[in-house]
Amino acid sequence: MGLFDSHSALAARYEIARATGQMPTGVVMDQLLSASEAIINGRKTVTVGTHNYLGLAFDEASIEAAVEAVRREGTGTCGSRIANGSFSDHVALERELAELHGMAHAMVFSTGYQANLGIISTLVGAGDFLLLDADSHASIYDACKQTQASAIRFKHNDAADLDKRLRRLADEPGNKLIVVEGIYSMLGDMAPLKAIVEVAKRHGAYILVDEAHSMGVLGDNGCGLAEREGLLDQVDFVVGTFSKSLGAVGGYCVSNHEQFDILRVACRPYMFTASLPPATVASVRASLKAVKERPHLRAKLWANVSRLYGALEAAGFQLGSTPSPIVAVCLESDATTLAMWRALLEAGYYVNIGLPPATPSGESLLRCAISAAHTEAQMDGLAEALIRLGHEFGVLAEPRLMAKA
Ligand code: PMP
């Protein structure tokens, strides 16, 4: 048995798909032109898959902050947060994140993935229970593998199913930690947070909300779903990422728990990796300010969401249940999805693709990630291209002919 033999089934599937044309995993952005356009395969392409929800990856103030920081403090910290890698800007960013959420504590991680991995796996251990929504992100599932706590999945967005599973654990003395997401990454739907909090409180369980896709998108200050629902003081931990609305890379967790800071010397994905480079921390601080002080970016984002979601819904596409910056077009076959994705790229639109087993219930998805930086014309152009291809590929019924008088 060779070292790579365990991947042979995957390799065979991959080869078959690759033989039919360009693979979504192999897209190269030859040149970024702006927050909404890039050169791909030598062609100017509208990027509708970057998660740069507020367009801040190209914001002048964030770029200037990064440039100034790299000149002042160098290209990297060359060390972890528990050694030489804590600069005053890391600490300032943590203070600002805590303040934005009205929480006492914040920890900054080198990626959002590590924030989930580290926080979840360090909070619970042998004898404890993790209750996960079935559609949880890979970083949450991977956290389960790093802890001896028992992981229990409940049905996606189903507070009654969560309640049932917690009732079964009523006599178990271990801690129970519920993990949900503000906006789910594949279908763009939102957690029924009020109902989840009510169930959690009744069972004495803790709650962690991953706001990766809702930070900057929901709430008056842009903190996410918990803020929009008025529940920030009811949840125990909020995790988020800098790689979406904040236009950079990194992750965070905020909490009001008094002993939270002990995690700094217990959480291995925080302790044993280099801290974020100064330029990243500086741009994130500038973008965080924009999230709070420029709500018109959120308004523009939501106007774009309504425009695209409305057009695709009216055309008869099956979409994720709730309009959100992730507009997921659900299709029946992998082959059609891949072919439509390629045709869309040819037509000058880059979107994300979701294929099983990466998708929740085996759906095949064309995932559009909308930004405040998109123009109305770009949204209309994408809708037109999708509708045209929907007809060409037999996904949408042919437009009805006008009945003759
Ligand atoms: N949580 C969710 C829900 C995500 O979708 C992602 C990334 N797509 C992450 C966490 C990890 O974030 P990052 O890519 O910044 O590491």
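The legends below describe close-up views of a predicted model.

**View 1. Residues surrounding the ligand.** The ligand is surrounded by 14 residues, and the closest are Tyr113, Asp210, His213, Thr241 and Ser243. By class, the residues of this shell divide into two nonpolar, nine polar and three charged. Helix 4 (residues 112-123) contributes three residues, the largest share of the shell.

View 2. A nitrogen atom of the ligand lies 2.6 Å from an N or O atom in the side chain of aspartate 210. The side chain of histidine 213 places an N or O atom 2.7 Å from an oxygen atom of the ligand. At tyrosine 113, a polar backbone atom is 2.8 Å from an oxygen atom of the ligand. On its own the ligand has 390 Å² of accessible area, of which the protein covers 83%.

**View 3. The aromatic pair of phenylalanine 109 and tyrosine 270.** The count of aromatic pairs comes to three. In the pair of phenylalanine 109 and tyrosine 270, the ring centres are 5.5 Å apart and the planes stand at 70 degrees, so the pair is edge-to-face. This pair links distant parts of the chain, as phenylalanine 109 belongs to strand 4 (residues 105-109) and tyrosine 270 to helix 9 (residues 268-271), 161 residues apart. Both phenylalanine 109 and tyrosine 270 are buried.

**View 4. The aromatic pair of phenylalanine 237 and phenylalanine 260.** These two rings form a tilted pair, with 6.3 Å from centre to centre and 35 degrees between the planes. Phenylalanine 237 lies in strand 9 (residues 237-241), whereas phenylalanine 260 lies in the loop between strand 10 (251-255) and helix 9, so the pair ties together parts that are 23 residues apart in sequence. Phenylalanine 237 has a relative accessible area of 5% and is therefore buried. Phenylalanine 260 also counts as buried, because its relative accessibility is 3%.

**View 5. Serine 333 and its polar neighbours.** Serine 333 is found in the loop between strand 11 (326-331) and helix 12 (334-346). With a relative accessible area of 28%, serine 333 is partly exposed. Its side chain makes a polar contact of 2.8 Å with the side chain of threonine 336. A polar atom of the serine 333 side chain also lies 3.4 Å from the backbone nitrogen of alanine 335. The C-alpha atoms of serine 333 and leucine 100 are separated by 43 Å, and these residues are 233 residues apart along the chain.

Terms used:
Residues are numbered from 1 along each chain as its sequence is written. This is a predicted model: local features need pLDDT of at least 70, side-chain atom pairs count only at pLDDT 80 or more; totals for chains, interfaces and linings use all residues. Side-chain values use heavy atoms; hydrogens and water are left out. A residue is near a molecule or strand if one of its heavy atoms lies within 4 Å of it. A polar contact is a pair of N or O atoms within 3.5 Å; within protein, one must be able to donate a hydrogen and the other to accept it, and residues adjacent in sequence count only if both atoms are side-chain atoms. Accessible areas come from the Shrake-Rupley method with a 1.4 Å probe; for residues, only the protein chains shown count as cover. Helices (H or I, at least four residues) and strands (E, at least two) are DSSP runs, numbered from the N terminus. Ala, Val, Leu, Ile, Met, Phe, Trp, Tyr, Cys and Pro count as nonpolar, Asp, Glu, Lys and Arg as charged, and the others, Gly among them, as polar. Rings of Phe, Tyr and Trp (its six-membered ring) pair if their centres lie within 6.5 Å; planes under 30 degrees apart count as stacked, over 60 as edge-to-face and the rest as tilted. Buried means under 20% relative accessible area, exposed over 50%, partly exposed in between (1.4 Å probe, protein chains only).
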